[in-house]
Amino acid sequence: MVKRLFQLLHRFANRRHTPHKYLYRILWFGSISVSVPVILAGIVFYQFMVKNAFDQVHKMSEYSLKLEEDRLERIFQSSELSLLQLSADPLISNSFLDGNAADKPLIHLEIMKLIQSAQNTNDFAGNIILYNNASEDILDYRHGFVPKKLEGTISYMLDRLMQSGPKNRCLYIAEANGFLGCVRYLSAANSDQARGLLIVQLDNEFIQKYLEEPSLYSTNQSVMILDSSNRLLTHIGKYFADEQTDSNERAVQRIISSSETKGSLMMTDSTGERFYYTYLKTELGRTYIAKIAESEILHNIIWIRYFISLSILLFISIGILLTVVTGLKTYNPIRKLIDFGRTISGKQAAQAHAQNEISFIQDCWTRLNEESRKNDAYIKKWEPTVRDSMLLQLLEREANRQDDLVDPNLASSLAERDSFVVMAIRSEHVYRENRFHKGDGPIVSFIVKNMFNEILMQQKQLNGYVVIDRNGLGVGVLSLNRTAPEEDVQSLLRSFAGQLRDAFQQYVRLEVGIGVGGIYGSFQDIYRSYRQALEALQSRIYKEHGPILFFQDMESPKKSAAFHYPMAIEEILLEQLQNRKYDEAGKSLLEYMAAVKSSQSCRAISNCYLLLLSSVTRTLYQAGFTDVLDEDLHAIHDRLTSAEIFDWFTKHIFPLFERVTGTNQIIVNVRQYIHDHIHEDISLAQCAEYMGISASHLSKLFKKEAGINFLDYVLDQKLKNAQELLLSTDLSLRKIAETIGCSERSLIRNFQKVIHMTPNQYRLNKQH
C-alpha cells in the first residue's frame with residue numbers, strides 16, 4: 001500500500017508542464033490539519049495524566065502522614081504514661097523532701113530500680129533522667145547518680161527546662177547532642193512548686209526506623225514533624241537533613257501560616273529545585289509535612305510520555321497517509337482540468353503558468369467565458385431565439401399558406417391537451433410620460449414584454465410565451481385546459497387581463513390597451529387569434545370601450561352605404577383655428593370625429609384623420625409658418641384611440657396657430673429670406689436693409705411676432721439643416737459647416753450647447 005502510494009507521488013511529481021504546487025499545498029495543509037489536533041490532544045492527555053499523578057501523590061502522602069501521626073502519638077503517649085507512673089510513685093515524690101542525708105544512697109538505689117523498670121517497659125526510651133533541683137542531684141538510667149556540677153551539657157539543659165516553666169510536654173531538646181524527649185515537672189507532696197524533672201530521652205534511631213515503616217509514595221520522600229510551637233520534633237529523609245534550614249524554608253513557613261488543616265503546594269526550595277509538599281495539622285498543634293521532588297514524580301510517569309509520544313506518531317502517520325490518499329483523489333479533477341486546459345490553450349500557455357496550476361485553470365476558464373460571451377453576443381445580435389422566431393412566423397403567417405411551421409405530431413399532441421388564444425397589449429398615452437422620449441419605443445416594448453411575462457408566470461391555470469411583434473406590441477400566446485368549461489375559460493381570461501391592466505398601472509404607471517382574440521384548438525391557428533386581437537385593439541379608434549377588448553364581444557361592423565367626408569365641418573374647424581377660437585375648434589373636432597366614426601371602418605377613419613392633418617398643415621404653411629414641415633407630424637400614427645387623437649390635435653397641432661396667426665408680412669418675408677440664404681452668414685443688419693427698416697425695429701418686431709430672438713432663430717435653422725445633412729449625407733463636418741455658412745468650430749460649439757452632443761455623436765446615435 002505504502003509502496004503504491006509513493007509510486008503515485010513519484011508519477012505526479014515527474015509530470016511535465018506543471019510541478020503540482022497546489023497538490024503539495026493540499027498535502028501540507030492536510031498534514032498540518034491532522035498533526036495539530038493530534039498533538040494538542042496528546043498534550044491535553046499528558047497534562048491530565050500528570051494531574052492524576054499529583055493527585056495520587058497527594059492522597060498517598062496524606063495517608064502516610066496520618067500513619068506517622070498515629071505512630072508518633074503512640075510513642076508520646078507511651079512515654080508520658082511512663083513519666084506519669086514514675087511521678088506518682090511515693091518514693092520519687094518523697095525524695096524531694098528534706099530527709100536524712102545518710103538515707104540518700106538507699107533512696108537513690110530504690111529510685112534507680114523504678115527507673116530501670118520503666119526503661120524496660122518502654123521500647124522507645126533511650127534513657128530516663130530524674131533531676132532534683134533542690135539537691136541538684138541527677139539520677140540517670142545510663143550513669144546512675146551524678147552530681148549536677150559534673151554534667152555541664154546536661155546541667156545547662158536542666159536549668160533551661162526549669163526556667164521555661166512547669167509545662168509537661170514532648171519536645172526536641174537541642175542540648176546534649178539533641179534528642180526527642182518528654183518532660184514532666186515534679187513537686188513535693190506538700191507543695192505545688194516545681195522541685196525537679198522527669199525526662200524520657202527517646203531513642204532517635206529507633207523512632208526514625210519506626211516512622212519509616214509506613215508505606216510512603218517513594219523511598220525518597222521526606223517527612224518533617226513540628227510541635228505546637230512550630231519547632232522541629234523530628235525529620236525523616238534526605239530532603240529534611242538540616243534542621244535550621246528546613247524549618248525556615250518558604251514552603252514550611254507558608255504551611256505554618258496557613259489556616260488550613262491539610263493541603264498541598266508546589267514550591268521551589270533554597271536549592272532551586274521544585275518540590276511537592278503535603279501537610280497535615282493535628283488537634284494537638286503538631287504539623288506533619290511530607291516533601292518529594294517534582295522530578296521524581298515525573299520520573300515515575302515517564303512511561304506515559306513514551307506512550308503518548310508513540311501514540312501521537314502513530315496517529316499522525318495514519319492521518320498523513322489518509323491525507324495523501326484523499327489529496328491525490330482530490331487533485332485528480334484538477335489534473336484533468338490542467339490537461340484539458342493544455343489542449344485548448346497550447347503548450348506555451350501551460351508552460352507560462354507552470355508554477356501555479358490554479359492560475360492556469362482560471363485563465364483557461366476566463367478564456368472560455370470570453371469565447372462564450374462572444375458567441376452569446378453574436379447570437380443575440382444576429383439571430384432571435386428559436387422560440388420567438390417560430391412564434392412570430394406562426395403569428396404573421398398568411399391565411400392561405402399550406403406548409404406546416406410546427407411538427408404535425410407535436411401540434412397534434414398539443415391540440416389533444418390544450419386550446420390556444422392570443423392576447424395583445426399596446427401601451428397608450430406614452431407621449432404624456434416625461435420619462436419617455438420619442439425614440440424610446442423599443443424600451444417601452446421591452447417593459448411591456450417583461451411585465452407580461454412576470455404576471456403570466458404567477459398564474460397557475462395559464463401557460464404560454466410572450467414575444468414582441470413587428471409593431472412593438474407585447475403578444476402572448478396562452479395555452480388553456482381544453483376540457484375546462486367555456487364560461488370558466490372566459491372568466492379566467494378576463495381576470496388575467498384585469499390583473500395585467502392593474503399591474504401596469506401600479507408598478508410601471510402605464511396605461512395599456514388589451515385585445516384578446518378567439519380560442520382555437522390547433523396551435524397552427526394562433527395566427528387567426530392574433531389578427532383578431534389586433535382587430536379588437538384597432539376598433540378602439542371608433543368604439544368607446546374600456547381598455548380590455550375581446551374579439552368575441554365585438555359586433556360585426558356594418559359599413560354605411562352613403563358615407564361622405566365631412567368637408568363642411570373641416571372648413572369650419574380651419575376657420576376657427578385661424579381666428580384663434582380654440583374652444584369652438586375643439587367642439588368642431590369632436591363633431592368631425594363623430595362624423596368619420598359613422599363609417600365604422602378603421603382604415604377609412606385613419607385616412608380621414610390624415611386628410612384633416614394635411615388640411616391643417618397646408619393652412620399653417622400658407623399662413624407663413626414654414627416650420628410646420630419640421631414638426632413631428634408622423635406621431636399621429638402612434639395614436640390609435642379617439643381619446644389619443646383628440647389629445648394630440650388639441651395639445652400639439654392647435655397651438656401651432658398661436659405661432660403664425662397674425663404674423664406680420666415682414667416677418668414672413670424675413671423667414672423666407674433666411675431659408676433662401678441659410679448657406680450664408682446672415683446678420684440682423686443685412687435682413688433689416690433687405691426689408692428697408694432699421695435693425696432695432698426688426699429685432700423688436702421679430703421677437704414680438706415669432707416669439708424668439710432673431711439670432712436664435714437663425715441658429716436654430718442652421719442647426720436643423722446641419723442635422724438633416726448629418727443623417728442624409730456622408731459629408732464631413734467642414735463641408736456641412738460651409739454649406740450652412742459657419743465655421744467647423746462654431747458648428748461643434750453650437751451643437752454641444754443646444755443639442756448637448758457633438759455632431760459626430762449625433763450622427764452615430766441616429767444611425768444606430
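Of the 33 residues in the largest nonpolar core, which touch the most other members? The exercises below work towards this and related points.

This is a predicted model, in which local features need pLDDT of at least 70 and side-chain atom pairs count only at pLDDT 80 or more, while totals for chains, interfaces and linings use all residues. Residues are numbered from 1 along each chain as its sequence is written, and side-chain values use heavy atoms, with hydrogens and water left out.

**Exercise 1. Describe the chain as a whole.**

Solution. Begin with the elements: the chain has 28 helices and 16 strands, where helices (H or I, at least four residues) and strands (E, at least two) are DSSP runs numbered from the N terminus. Next take burial, where buried means under 20% relative accessible area, exposed means over 50%, and partly exposed lies in between (1.4 Å probe, protein chains only). Buried residues make up 44% of the 768 residues in the chain. Finally consider contacts, meaning heavy atoms within 4.5 Å: among those with a separation of 6 or more, 63% join residues 24 or more positions apart.

**Exercise 2. Find the central members of the largest nonpolar core and list what surrounds two of them.**

Solution. A nonpolar core is a set of buried Ala, Val, Leu, Ile, Met, Phe, Trp, Tyr and Cys residues joined through side-chain atoms within 4.5 Å. In the largest one, with 33 residues, F76, L130 and L202 touch the most other members. Helix 2 (residues 21-88) gives the most to this core, namely six residues.

Now look at F76, whose place is in helix 2. F76 counts as buried because its relative accessibility is 1%. Leaving aside neighbours within four places in sequence, F76 is in contact with C170, L180, C182, L202, L233 and R286. The C-alpha atoms of F76 and G181 are separated by 8.6 Å, although these residues are 105 residues apart along the chain.

Turn next to L202, which, not counting residues up to four places away in sequence, touches I75, F76, S79, F124, A125, G126, L180, G181 and I207. A second, separate core of 28 residues includes I541, L574, L589 and V628.

**Exercise 3. Check the length of helix 16, then follow the chain beyond its end.**

Solution. The expected span of a helix is 1.5 Å times one less than its number of residues. The 22 residues of helix 16 (residues 486-507) should therefore span 32 Å, and the end C-alpha atoms are 31 Å apart, which agrees. The buried residues of this helix are V489, Q490, L492, L493, F496, A497, G498, L500, A503 and F504. Among the elements that cover them are strand 12 (418-428), helix 15 (441-457) and strand 14 (474-481).

Just after helix 16, R509 takes a positive phi of about 50°, and this residue is found in the loop between helix 16 and strand 15. R509 is exposed because its relative accessible area is 52%.

For comparison, H756 also has a positive phi, near 65°, in a residue other than glycine. H756 is placed in the loop between helix 27 (744-754) and helix 28 (759-767), and its relative accessible area of 65% makes it exposed.

**Exercise 4. Describe how helix 19 packs against helix 21.**

Solution. Two packed helices are described by the angle between their axes and the distance between the axes. Axes are lines fitted to C-alpha atoms, for helices over the stretch in contact, and angles run from 0 to 180 degrees between N-to-C directions. Helix 19 (residues 582-597) and helix 21 (residues 642-653) pack at an angle of about 145°, with axes 11 Å apart. The contact is made by G586, L589, L590, M593 and K597 of helix 19, together with S642, I645, F646, F649 and T650 of helix 21.

As a last step, check helix 21 itself: its 12 residues should span 16 Å, and its end C-alpha atoms are 16 Å apart, which agrees. Its buried residues are S642, E644, I645, D647, W648, F649 and I653.
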